[in-house]
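I opened this entry to keep a record of what I looked up, in the order I looked it up.

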Amino acid sequence: MNDDQTNNEFKNQTQETITKVTGMYKNWFLDYASYVILERAVPSVEDGFKPVQRRIMQSMKDLDDGRYNKVANLVGHTMQYHPHGDASIADAMVQLGQKELLIDTQGNWGNILTGDRAAAPRYIEARLSKFASEVVFNPKTTEWQATYDGRKKEPIDLPVKFPLLLAQGAEGIAVGLSTKIVPHNFNELIDASIKYLKGRSFTLIPDFQTGGVADVSDYKDGKRGGKIRVRVKIAQFDKKTLIISELPFGMTTSSLIDSIIKANEKKKIKINKIEDNTSASVEILIHLPNNVSPDKTIDALYAFTSCEVSISPLCCVIDKNKPVFIGVKEVLKRSTDHTVDLLRMELEIQLDELQEQWHFASLERIFIENRIYRDIEEETSWEGVLKAIEKGLKPYTKHLKRAVTQEDIIRLTEIKIKKISKFDIDKANQLIEALEDKIAGVNHHLSNLIAYVIDYFKNLKKKYGKGRERKTEIRLFEDIEATKVVMRNTKLYVNREEGFIGTSLKKDEFVTDCADIDDVIVFRADGKMIITKVDSKTFVGKDIIHVAIFIKNDKRTVYNMIYRDGRSGASYMKRFYVSGVTRDKEYDLTTGKPNSKVWYFTANSNGEAEIVTVYLRAVGHLKKLKWDIDFSELAVKGRGVRGNTVTKHAIKKVMQKAEGISTLKPRKIWFDDAVMRLNVDERGELLGEFKPKDRLLIINQHGNLKTAIPDVSMHFDEDTIVLEKWIPNKPITVVYFDGQRERYYLKRFLIENPDKIEVIISDHPKSQLEMVSTDYRPVFEIIFSKKNMNSLEINAEEFIDVKGINALGNLVTKERIKQVNTLESLVYEDPHIEDIEVDAIEVKDENIEKATSKSTNIDDDDDSTPPIEEDGQTLLF
């Protein structure tokens, strides 16, 4: 080879190996970015795990024997699947353990409140929780792939049958994108999945382990651009001390205290010192200087420290090897659909296994019962044995569900002589019948799969939902009174005899739901009244006759009371309201004499005035021993009045004879669709002015109709489609599809029995409500599914007369309807009706308690009461 040839070959080789640096960077960067996104930072929408979490769970399953394993051992085992260092695996495992859902921990796993780190992996232990064992794993429905070194198999996705991603939350930073999915409440996720399976709407709001108070009005389904404001739960311990009892999501006590100290150094707030007494629960005491308002300090803490933080959710997940941005509702829907698919697969696998068991049990019975094993005695070869068995089985296999294979015949040859000699035909039949029952059960579940999945979710909630109630209180952060927007998620209890009230008396009588900022009003049998703040346990005096949440400046709640003045004094009656009082101060509702006693007491949230019967003790020459009293004849005054005389004689007891009607003006009631509750605070849609006997008309999408007296404690289904004031003479017009006849009908009716829940469509499962109108003279537009059919306009008043509620109605069409629209109703002239005016008390403040009326009747069993001479003049006797 000459020199020219050598130079040309060198040039060609040089040209083939030269690559531009820009191209190398572009390819390598894309590979790195894709790897970080898919294999490190972003969770999968299928099972909710990042790869390291999935590998940790699989390793724990590999080593699971019911006992605790050293975390160091689990980390080492995980490295067979995860191509990274032990530190990253240990950190990921600690985070999973601190969420208290999938891992049962033992040892010092750190503290999410203080930020303290967990002990070294060699000192702490872990095992799978019962929930994880039931929900996360099933090797029969798992798809597998080779590990990074090809030595083992690892799951592509674990078959998780629960919206785990939303329960745990996730956070990660990749190349060019990030994800931040906040955690949600365990029980609420199950409820939402059930609602989705039932075709009902649902909402999802975050719930954090650290509690706190959150404003989720701008959550935006967890998508980009949403925002959650979270605050500490802070209260006034005393005039100079504030106490923080719960933290915002992502904050620790140390980081919170640092922010408060910095704000103090910048003179944004004024504090003396901070004490951190946090252990199992948060307790941070903030001591204030003299002449500093605690209320202003609380506002300043929210404004200038980490007592309020803003969280920007960003729901990014891996779907089919690509990052996608979706809302948390969509995540739950996909997870629920995936659960349906997994449970279907499990049922189909179970069905195949049961059918195989039934098949071989049937073959075994035929083989032994018909003594086919004797046909092989003369055979000298293996092939002859198999053919003899096959020939012997043939007359008896027509009822089998599949053909007999050679594998089946080989299994028959493996039956031991001992089993043949002890064969019991009855037990064999029982086994086959039991298998047939199981097969029928599995087939039933497959044919009713959605109901089966709903029962599965309900069972999860029943088994694991206890102790997983909502921790984060939801509240709007606008400048409005806190008691009007607070979520009452604490329960108030009372021990009447011992005189204790509080939220920790769970073995005693339940009173109502409350919040820790609520005040409680308490009335005792000795005529004393006290208002105190909700606490875990507070002594308010023995013999409690009434306890409720107190609403300041409430002049609509009227208390009716009959009491004895002193040990042997006269008895009086009065009606009064309680507006503003000093907390923790006792008020005497009697004249103040010792041994006074309350005979009768009711709390009436709408100023009701009932009729009671007074019974006297038969002493002396008394002739009239009982008579009725109507509280409506008594004016409502302040709590300090003595009241009108009932009698000077000894009362035996007072009993309620009849419920009264309100003596107050009609009240305006609104409906707040944000919380699906009634209120009198002008929030939401005005439903009208209601007198005591006025009712609400309530109709839901399933065709259930009822009327009810409005009560602020009422709950409404999310599928409620009609909620308005009921006018008895106003007809209701309904267009519905009858599932049995497969036709559409229209009917008009009046409600004949307002106390009964009615179904206004037929009870066939395919029947459905198309349209409801409560106008006097409605007009409908019917749009058909067939495009070549013109729409139909129906004047309901001309189409059908008003009939009974159970009437079928007039036929609209046999054709399939696409949509029913309401057009402008015809004019209705309301006849003039003169209302009879009754005496009423006008109340400016419309705040009310929950609309309940509780009465207390007290018998006098004390025989030591001295007789009283009949010489007094009384008002009512």
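The notes below go from the whole chain to single elements and residues.

**Ground rules.** I am working with a predicted model, in which local features need pLDDT of at least 70, side-chain atom pairs count only at pLDDT 80 or more, and totals for chains, interfaces and linings use all residues. Residues are numbered from 1 along each chain as its sequence is written, and side-chain values use heavy atoms, with hydrogens and water left out.

**Whole chain.** I noted 17 helices and 49 strands in the protein chain. Helices (H or I, at least four residues) and strands (E, at least two) are DSSP runs, numbered from the N terminus. Of the 877 residues, 45% are buried. Buried means under 20% relative accessible area, exposed over 50%, and partly exposed in between, with a 1.4 Å probe and protein chains only. Among contacts with a separation of 6 or more, 68% join residues 24 or more positions apart; contact means heavy atoms within 4.5 Å.

**Helix H4.** I then listed the buried residues of helix H4 (residues 71–78): Val71, Leu74, Val75, His77 and Thr78. Seen down the axis of H4, these fall within an arc of 165°, so they line one face of the helix. The arc is that of the directions from the helix axis to the C-beta atoms. As a reminder to myself, an α-helix has 3.6 residues a turn, so residues three or four places apart point the same way. The buried residues of H4 pack against helix H3 (51–62), strand S1 (69–70), helix H5 (86–98) and strand S3.

I looked at Thr78 separately. Thr78 is in H4 and is buried, at 1% relative accessible area. A polar atom of the Thr78 side chain lies 2.7 Å from the backbone oxygen of Leu74. Beyond its neighbours within four places in sequence, Thr78 is in contact with Arg55, Ile56, Ser59 and Ile89.

**Strands around S3.** S1 and S3 run antiparallel and are joined by 2 bridges; two strands pair if DSSP finds at least two bridges between them. Lys70 has Glu125 in S3 as its bridge partner. Strand S2 (residues 103–106) is also antiparallel to S3, with 4 bridges, and there Thr105 has Ala126 as its bridge partner.

**Ser129.** Ser129 is buried, with a relative accessible area of 12%. Leaving out residues up to four places away in sequence, Ser129 touches Leu101, Leu102, Ile103 and Asp104. A polar atom of the Ser129 side chain lies 3.1 Å from the backbone nitrogen of Ala132.

**Arg231.** I placed Arg231 in strand S9 (residues 227–231). Is Arg231 buried or exposed? At 15% relative accessibility, Arg231 counts as buried. Its side chain makes a polar contact with the side chain of Glu308, at 2.8 Å. A polar contact is a pair of N or O atoms within 3.5 Å; within protein, one must be able to donate a hydrogen and the other to accept it, and residues adjacent in sequence count only if both atoms are side-chain atoms. Residues up to four places away not counted, Arg231 touches Gly212, Val213, Pro248, Tyr302, Cys307, Glu308 and Phe477.

**A three-stranded sheet.** I traced an open sheet of 3 strands in the order S30-S29-S33, with antiparallel pairing. Strands S30 (626–630) and S33 (651–662) stand at the edges with a single partner strand each, so one side of each is left without a neighbour in the sheet. Neighbouring strands of this sheet are turned by 20° against each other on average, direction ignored; the axes are lines fitted to C-alpha atoms, and angles run from 0 to 180 degrees between N-to-C directions. S29 (residues 608–616) pairs with S33 over 8 bridges. Thr613 stands opposite Met655 in S33.

**Aromatic rings.** I counted 20 aromatic pairs in the structure. One of them is Phe737 with Tyr744, tilted, at 4.9 Å centre to centre and 55° between the planes. Rings of Phe, Tyr and Trp (its six-membered ring) pair if their centres lie within 6.5 Å; planes under 30 degrees apart count as stacked, over 60 as edge-to-face and the rest as tilted. Phe737 is buried, at 6% relative accessible area, and Tyr744 counts as buried at 1%. Elsewhere I noted that ring pairs link Phe131, Phe162, Phe186 and Tyr464 into a cluster.
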